[in-house]
There are 2 protein chains.
Amino acid sequence: MDDNNTLIANYLQTELDWDKEEPKSLYKPIAYAMGQNGKRIRPNLLLLITQVLGGDRAGALDAAVAFEMLHNFTLIHDDIMDNAELRRGEETVAKQWGTNVAILAGDTLFAKATEIMLKYRHKQLVSLMTLFLKTTVKICEGQQMDLDFETQTNVTVERYLKMIEYKTGVLFGACAKAGSVLGSAGPRVQKYLYDFGVHLGVAFQIQDDLLDVYGDPEKFGKPIGGDIKANKKTYPYIYACDLADKNQKKILRQTFASPLIEPDERFTIIKEIYDELDIKTKILKICDKYFEAAIYMLEKSNIGLTAHTIICDFVDTIRLRKF
Amino acid sequence: MDDNNTLIANYLQTELDWDKEEPKSLYKPIAYAMGQNGKRIRPNLLLLITQVLGGDRAGALDAAVAFEMLHNFTLIHDDIMDNAELRRGEETVAKQWGTNVAILAGDTLFAKATEIMLKYRHKQLVSLMTLFLKTTVKICEGQQMDLDFETQTNVTVERYLKMIEYKTGVLFGACAKAGSVLGSAGPRVQKYLYDFGVHLGVAFQIQDDLLDVYGDPEKFGKPIGGDIKANKKTYPYIYACDLADKNQKKILRQTFASPLIEPDERFTIIKEIYDELDIKTKILKICDKYFEAAIYMLEKSNIGLTAHTIICDFVDTIRLRKF
């Protein structure tokens, strides 16, 4: 991962020199967002899969960076919608430059990302570009579902899972699939690796929901409890509503998004009920199921023992993450 | 134009049935924006050029609709940034559904527009898609310059012209060029038709600036004086600053964007100075120069008398527009 991160960082610096672009008021925020110390899990996943399939890593770098840019475009816009102040331990683009610049920086980043995908040719171009754009649409649909949930009282686990599949899962799936296209895999392997990625992404998002409550704020890069404070319905919250007794349910419903209770206080009250219900242990178990389902899809893809082991190691680094 | 508008409307209804898409909370605003009674000048320009060059109009329809969607995506986002309440005589997406939905509706519309461009193949695909994406980036850069101008005191005519070239001109240019690509024109014709479009777009934008002050609010679809009220530096304003005597200059500078004066009052004061300086006549003359420059580029393209006449008629409908 370190090696691939160096490749990505070099690409960002040499191929995409934002400092040279005008107007500075647009490209400085873009450079800032792309330069933040993100985990770069998605481009790493793409590059790794191309590599283990014997493909040309250098040739996959364009797609890897384009997908990371797509990811950052969605983060910049999400942070406007969520009124988020911090991302990766630093101020969000919206916080630092305002909503208008953040909208335009996101738009530009996405257009530039799509331009990079145009470097591919023939069949690869159509296949990768279709994947890239369909994924973008699904991410937007997922984010819209997430927004809709804020004001809906009966969000089921099924609908929540559909939402995070779109919002987070499909991008992991797309990176895995793009890696397999660039590793010249056949349609069967592409399909299983896509499913592997989607499950991995869903597991990643459930982890994220948990870290938002139980993570170390220093490592996590965002304030703890941010989801509840921003009226986000997460897996812990929805699951707690399912498990809660009558009294706990009443407290949860009356506290969530209540304009009468301060955000910090809302988080404290809701977390107390999480603890009473041992939500942490229970959600961790569910999360593990998704990691296992991802590994199962990986097995089904039948890409050989060495490749399998390398990707499993990668999955483990995500599984054990603290941020 | 009526004929082509019917084709476009049919395409929107049959090929892009937004009513079927989920979540409704995302696609209803998109359908609303695309269904608004816009002038559809850009797709008409594209289709017309393909036609006069003897190309296949049906085959150009995908690109025409995609460019109209790109245009609408930028309008949805611009209306957030400008805090605009009305567009085409109806509420803006941002006003009706809020900023968050408007951000996502714009993002989705752009991704879907780009997907449509993927219907082209081989050389046409790369050429059209490159044009489409480079144009998008320039529009964003132009909008950012426009935002920057709000707080800058010394905006020159040159910088203003660069801004509207990016914000409005290049999209007209891209539609004209795409029409020529789909009409199988060679690179020379493509280039001149691009330049023709850019000049036409700049003329169109200067007209727009004038209509914002002197238009009929019923026909214009937006409240008169919206630019000044939203602290937008327009050609009339910048030119007035150039022509003003010391006293008028002082009034213009002290009134523009002043938080101490109500928006309506600011517009009244500034318009009075426009009238003293006969800005309307003077800007109309400049506007005419851009229309003439566009026609000159058209002549240089050497596309034949019949084709030339048809496009000149189209330019005249824009020249004489009241909204």
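Predicted model: local features only at pLDDT ≥ 70, side-chain atom pairs only at ≥ 80, totals over all residues.
## How the two chains relate

Residues are numbered from 1 along each chain as its sequence is written, with chains lettered from A and ligands numbered from 1 in the order in which they are written.

## Where the chains meet

Call two residues in contact if their C-beta atoms, placed from the backbone, lie within 7 Å. By that test, 29 residues of chain B are in contact with 29 residues of chain A. The same surface serves both copies, as 100% of the contact residues of chain B recur in chain A.

Helices here are DSSP runs (H or I, at least four residues), as are strands (E, at least two), numbered from the N terminus. On the side of chain B that touches chain A, α2 (24-35), α4 (57-81), α6 (99-117) and α7 (122-149) each supply at least two residues. The largest share comes from α7(B), with 13 residues. By type, that side of chain B divides into 15 nonpolar, nine polar and five charged residues (Ala, Val, Leu, Ile, Met, Phe, Trp, Tyr, Cys and Pro count as nonpolar, Asp, Glu, Lys and Arg as charged, and the others, Gly among them, as polar).

## Chain A as a whole

Chain A has 16 helices and two strands. Its C-alpha trace spans about 60 × 50 × 30 Å along the principal axes. Among contacts in chain A between residues at least 6 apart in sequence, 73% join residues at least 24 apart.

## A helix pair in chain A

Helices α4 (residues 57-81) and α8 (residues 157-182) of chain A pack at about 170°, with their axes 10 Å apart (axes are lines fitted to C-alpha atoms, for helices over the stretch in contact, and angles run from 0 to 180 degrees between N-to-C directions). So α4(A) and α8(A) are roughly antiparallel to each other, a label for angles over 145 degrees.

The α4(A) side of the contact is Gly59(A), Ala60(A), Ala63(A), Phe67(A) and His71(A). Residues from α8(A) include Leu171(A), Ala174(A) and Cys175(A).

Key. Parallel < 35°, antiparallel > 145°, perpendicular 65-115°, else oblique.
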